[in-house]
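I set out to record what I looked up in this structure, entry by entry.

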Amino acid sequence: MGGIRVSMEVGSDGVAVITMSNPPVNALHPMIIAGLKEKYTEAMNRDDVKAIVLTGDVGKFSGGFDINVFAEIHKTGDLSRLPDVSVELVVNTMEDAKKPSVAAIQGLALGGGLELAMGCHARISTPEAQLGLPELTLGVIPGFGGTQRLPRLVGLSKAIEMMLLSKSIRAKEGKEYGLIDAIVPPEELIKISRLWALEIAERRKPWISSLHRTDRLGSLAEVREILKAARQQAKRIAPNMPQHQVCLDAIEEGVVCGGYAGVLKEAKVFKELVLSSTSKGLVHVFFAQRATSKVPNVTDVGLRPRQIKRVAVIGGGLMGSGIATALILNNISVILKEIDSKFLQKGLKTIEANLEGLVKKGSLTQDKMNKALSLLKGVLDYSDFKHVDMVIEAVIENVSLKQLIFADIEKFCPPTCILATNTSTIDLNIVGEKTHSQDRIVGAHFFSPAHVMPLLEIVRTEKTSPQVIFDLMTVGKTIKKVPVVVGNCAGFAVNRTFFPYNQAASMLVHLGVDVFRIDRVISNFGMPMGPFQLQDLAGYGVYFAVGEIYDSAFRGRTFRSDLVKLLVENGRNGKSNGKGFYIYEKGSKPKPDPSIQAIVEESRRHANIMPGGKPIIVSDQEILEMVFFPVVNEACRVMDERVVVRASDLDIASVLGMGFPRYRGGIVFWADTVGAGYIYSRLKKWAEIYGGFFKPSSYLEERANKGLLLSMLDMSPLEASRSRM
């Protein structure tokens with residue numbers, strides 16, 4: 001741990017500069033905390049030290065508490081790994097000390113880093129520094145006094161906004177709100193901070209302990225009003241998570257009973273939250289996302305990424321235009337190809353509308369929009385393809401059309417050009433069957449809308465070269481996606497894992513359960529919407545296109561009905577024409593349409609699967625299990641076949657690709673909290689009553705019998721080296 005240290009230099013002016021060093025962001029590892037206590041104690045005991053400046057190494061103050069410590073605690077349950085920072089260090093050693101401290105902030109002061117800075121008696125910052133308390137995104141609350149000091153420095157409303165929404169601000173805004181005392185250029189940061197610290201020591205500047213301030217809090221009546229509104233907002237934005245309400249409890253305690261009482265309350269509930277299932281889930285997802293960048297035999301064999309500067313996108317529909325948008329937003333030139341000028345104009349207009357939407361939201365400037373559009377060119381033939389580094393085919397899910405396109409592009413593109421397809425389900429070996437360039441063929445499966453959704457599923461065949469995979473991973477990161485590398489099979493990892501999701505919901509409807517009740521249960525669990533509203537949104541074309549692919553690939557474990565076909569025959573196409581399972585009117589939320597009942601009844605008659613012809617009686621919990629346990633079962637097959645590198649790749653993919661609730665840790669992590677034994681027993685029982693759709697996989701059965709976690713892939717070196725993964 002040689003890189004982790006706290007150093008102290010005392011100048012002839014009597015100022016001790018204490019520097020935290022733990023690259024890259026000076027995370028507060030327990031060794032840093034111990035080092036701070038030690039250096040502060042030394043400074044207090046030295047007669048030649050009048051004041052202290054606290055800063056961070058390599059142009060960063062501190063990115064906050066070391067999250068690896070949370071992960072260790074989640075494994076062991078041992079809370080003694082959490083050092084006492086809040087009372088022992090921030091209150092007793094820093095804030096109540098007989099010598100003043102000034103925080104010299106550069107780069108970032110986030111989480112525990114900002115909390116240390118708020119324990120100092122003044123904060124000087126460079127203009128670009130990022131300040132915030134994002135702890136709630138990890139299922140905890142600020143635990144080093146942040147719930148008490150931030151409201152006292154910036155006012156209650158702003159503090160609540162920063163904490164509940166994990167919203168960071170720049171130092172310039174921090175100065176306006178009173179969080180920062182002065183803004184200085186980087187080269188003068190330490191010099192001015194030293195002078196400021198001396199002036200406090202000599203009583204020429206105020207010596208302010210932020211915990212004791214009350215001037216920014218407002219009257220008790222105002223506080224209660226603000227907290228009441230914040231609690232309602234928290235219920236709305238985080239219905240299944242405890243940390244938002246707990247954060248507000250800690251703030252309230254401090255306002256009503258005083259700052260120190262608030263600090264004690266905060267420290268107590270912080271420890272409780274660290275062990276909560278929400279924190280375990282969110283911390284798991286945090287690390288799962290980072291793990292995706294490690295792919296055996298790709299990222300560990302010394303490859304260097306090639307420059308991908310020009311990309312051709314074939315097809316300007318919803319997916320093609322979204323992919324093109326993501327590329328030009330990140331400085332990659334795009335040639336958009338369509339079959340005729342009408343479709344081409346429509347595609348180019350969609351891209352422009354995507355960018356305009358971002359400008360309206362304030363996340364893109366007009367200048368940047370113009371710059372992005374200058375990188376876009378529309379074409380109707382392949383003549384411009386001779387200079388591209390990569391092609392992404394994004395046409396409809398039609399095998400012969402895709403084969404024709406791949407045979408064409410192989411002729412027109414340079415021999416090193418990456419040939420990618422955005423197919424969501426079709427086996428890549430079939431797509432590239434008619435080419436001689438199997439090593440350059442790769443899946444680049446984006447999720448809709450492609451310029452918004454963060455997941456990029458990279459699909460490799462047994463022949464795809466590691467260089468091609470590595471290059472596509474690099475492009476993924478450039479365009480701000482999370483690339484997950486998976487093996488080649490029908491549906492790949494995400495859509496294959498989740499194909500039973502809609503089918504199980506459909507089976508429940510045909511067993512007599514109400515459509516809208518199923519959607520309500522699934523939404524309450526934390527999915528962005530239920531399976532039927534999702535079908536409306538995706539459009540029924542997708543349902544028909546992929547249904548047959550799954551039927552032939554997973555024979556004997558699918559469920560098909562006439563329900564969607566009957567909806568279409570009744571003039572319903574989902575959201576695209578304003579009516580599906582729901583009614584869609586501009587400016588209002590989708591409304592359940594009770595008049596579909598007759599269509600549902602007709603489909604039930606066709607399917608005829610109700611036991612004894614009577615609707616089944618199920619609880620909400622059983623609905624949840626009957627929809628999600630078949631998904632877990634398919635995830636087990638995906639892991640067993642080594643379609644993913646590791647179980648956590650399925651977790652992050654389910655969160656980013658399907659909207660599975662992040663705080664539940666992803667599909668496999670959640671299944672392990674439920675237990676393989678329980679999931680197996682329920683599926684086995686349903687398989688006996690309702691048939692092969694619910695039949696437990698051998699992977700699930702084995703782990704249930706041995707009491708093992710589903711996430712333990714137990715990869716032997718032989719299996720790990722299989723070229724598919």
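The entries below begin with conventions and then turn to the individual elements.

**Conventions**

I worked on a predicted model, in which local features need pLDDT of at least 70 and side-chain atom pairs count only at pLDDT 80 or more, while totals for chains, interfaces and linings use all residues. Residues are numbered from 1 along each chain as its sequence is written, and side-chain values use heavy atoms, with hydrogens and water left out.

**Entry 1**

Strands are DSSP runs of E of at least two residues, and helices are runs of H or I of at least four, both numbered from the N terminus. Two strands pair if DSSP finds at least two bridges between them.

Axes here are lines fitted to C-alpha atoms, for helices over the stretch in contact, and angles run from 0 to 180 degrees between N-to-C directions.

**Entry 1: the three-stranded sheet**

I then took the open sheet S5-S7-S8, which has three strands and mixed pairing. Its edge strands, S5 (108-110) and S8 (169-170), each pair on one side only. Three bridges pair S5 with S7 (residues 130-132) in the parallel sense, and Leu 108 stands opposite Gln 130 in S7. Helix H4 (residues 112-119) lies across S5 and S7, at about 95 degrees to S5.

**Entry 2: two helix pairs**

I compared each pair by axis angle and distance, since two packed helices are described by these quantities.

For H25 (residues 620-640) and H28 (residues 676-690), the axes come within 10 Å and cross at roughly 100 degrees. The two are therefore roughly perpendicular (65 to 115 degrees; under 35 is roughly parallel, over 145 roughly antiparallel, and the rest oblique). Residues of H25 that meet H28 include Met 626, Phe 629 and Pro 630, and those on the H28 side include Leu 683, Trp 686 and Tyr 690; contact means heavy atoms within 4.5 Å. I recorded nine nonpolar, one polar and three charged residues for this contact. Nonpolar covers Ala, Val, Leu, Ile, Met, Phe, Trp, Tyr, Cys and Pro, charged covers Asp, Glu, Lys and Arg, and the others, Gly among them, are polar.

H9 (residues 220-237) and H10 (residues 243-257) pack at about 175 degrees with axes 10 Å apart, which makes them roughly antiparallel. By class, their contact has 10 nonpolar, two polar and five charged residues.

**Entry 3: salt bridges**

How many salt bridges did I find? The count is 41, where a salt bridge is a side-chain nitrogen of Lys or Arg within 4 Å of a carboxyl oxygen of Asp or Glu.

Arg 496 pairs with Glu 641, with the closest N and O atoms 2.9 Å apart. Arg 496 lies in H19 (residues 494-510) and Glu 641 in the loop between H25 and H26, so the pair ties together parts 145 residues apart in sequence. Arg 496 is buried at 2% relative accessible area, whereas Glu 641 is partly exposed at 31%. Buried means under 20%, exposed over 50% and partly exposed in between, with a 1.4 Å probe and protein chains only.

Glu 634 and Arg 557 meet at 2.8 Å, N to O. Glu 634 is in H25 and Arg 557 in the loop between H22 (540-553) and H23 (563-569), 77 residues apart. Glu 634 is buried at 1%, as is Arg 557 at 19%. I found that Arg 496, Arg 557, Glu 634, Arg 637 and Glu 641 are linked in a network of salt bridges.
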